[in-house]
Amino acid sequence: MVQTEWLRSLRAVRQFSDKPVADDVLIDILNTGRWTGSSKNTQPWDLVVVKHRETLVGLSKCGAFAWHIATAPLGLALVMHGDDPWTCMDEGRLIQNLMLAAWAHDVGACIGSIYPADNEQRARDLLGIPKNRFLRTVLSVGYPSGPDALRLPPNTPLPRGRRPLDVVVSWERYGNHARG
Ligand SMILES: Cc1cc2nc3c(=O)[nH]c(=O)nc-3n(C[C@H](O)[C@H](O)[C@H](O)COP(=O)(O)O)c2cc1C
């Protein structure tokens with residue numbers, strides 16, 4: 001498989017098998033996240049690994065669409081050092097690298113967004129995160145329960161697939177979709 005094809009195969013996984021993620025796999029995922037590039041190489045992040053079921057269930061209640069954290073073998077909380085746009089961009093890169101590193105081990109993951117503010121506070125309290133840090137994302141992580149775990153259930157109100165290339169891409173000027 002060409003590597004870009006493999007990159008495109010990354011899907012959000014929200015249903016997990018009971019198979020635990022081995023420590024060496026987890027450490028490899030964490031190390032790959034740690035090597036993510038950031039603005040001015042500030043590395044404005046810390047990661048909290050969560051395996052206690054009670055804590056995972058608590059975190060799953062801290063976001064409108066974070067339910068999948070409850071049944072994942074583990075959660076990765078992304079504790080950010082700021083909430084300015086650059087730090088948010090760094091967070092996005094970190095998320096993608098963690099997800100791709102997991103995927104390279106056949107381990108699935110999905111973002112659980114932590115919001116609004118009262119939910120963020122509850123999640124901070126659960127994990128002991130200080131006031132000068134921010135928690136917007138907990139990744140649920142685990143082996144997919146099966147092939148269906150890579151597909152959205154039929155009644156999910158989310159769009160599937162991606163917008164076509166010739167709609168997304170302009171050539172030379174915005175809105176010029178005809179390839180010159
Ligand atoms: C910023 C951001 C926030 C997201 N928050 C959630 C979330 O709270 N819960 C969830 O189940 N998925 C969340 N997702 C995952 C998206 O739903 C997913 O990336 C999108 O549906 C595409 O999925 P696919 O790659 O499997 O096609 C989030 C993704 C991003 C980039």
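Let's start at one side of the sheet, where strand S3 runs antiparallel to strand S4 (residues 134-142) and six bridges join the two. Strands here are DSSP runs of E with at least two residues, numbered from the N terminus, and two strands count as paired if DSSP finds at least two bridges between them. Within this pairing, Ile111 has Leu139 of S4 as its bridge partner.

A word on the model: it is predicted, with local features needing pLDDT of at least 70 and side-chain atom pairs counting only at pLDDT 80 or more, while totals for chains, interfaces and linings use all residues. Residues are numbered from 1 along each chain as its sequence is written.

Stepping back, the open sheet has four strands in the order S1-S2-S4-S3, with antiparallel pairing. Its edges are S1 (45-50) and S3 (108-113), each of which pairs on one side only. On average, neighbouring strands are turned by 25° against each other, direction ignored; the axes are lines fitted to C-alpha atoms.

Back at S3, five of its six residues are buried (20 or more other C-beta atoms within 10 Å of their own, placed from the backbone), so the strand is largely enclosed by the rest of the structure.

Now look at the ligand. Among the residues surrounding it are Cys110, Ile111, Gly112 and Ser113, along with Arg11, Arg14, Phe65 and His68; such residues have a C-beta atom, placed from the backbone, within 6 Å.

Methods. Axes fitted to C-alpha atoms, helices over the stretch in contact; angles between N-to-C directions. Buried ≥ 20, exposed ≤ 12 C-beta atoms within 10 Å, placed from the backbone.
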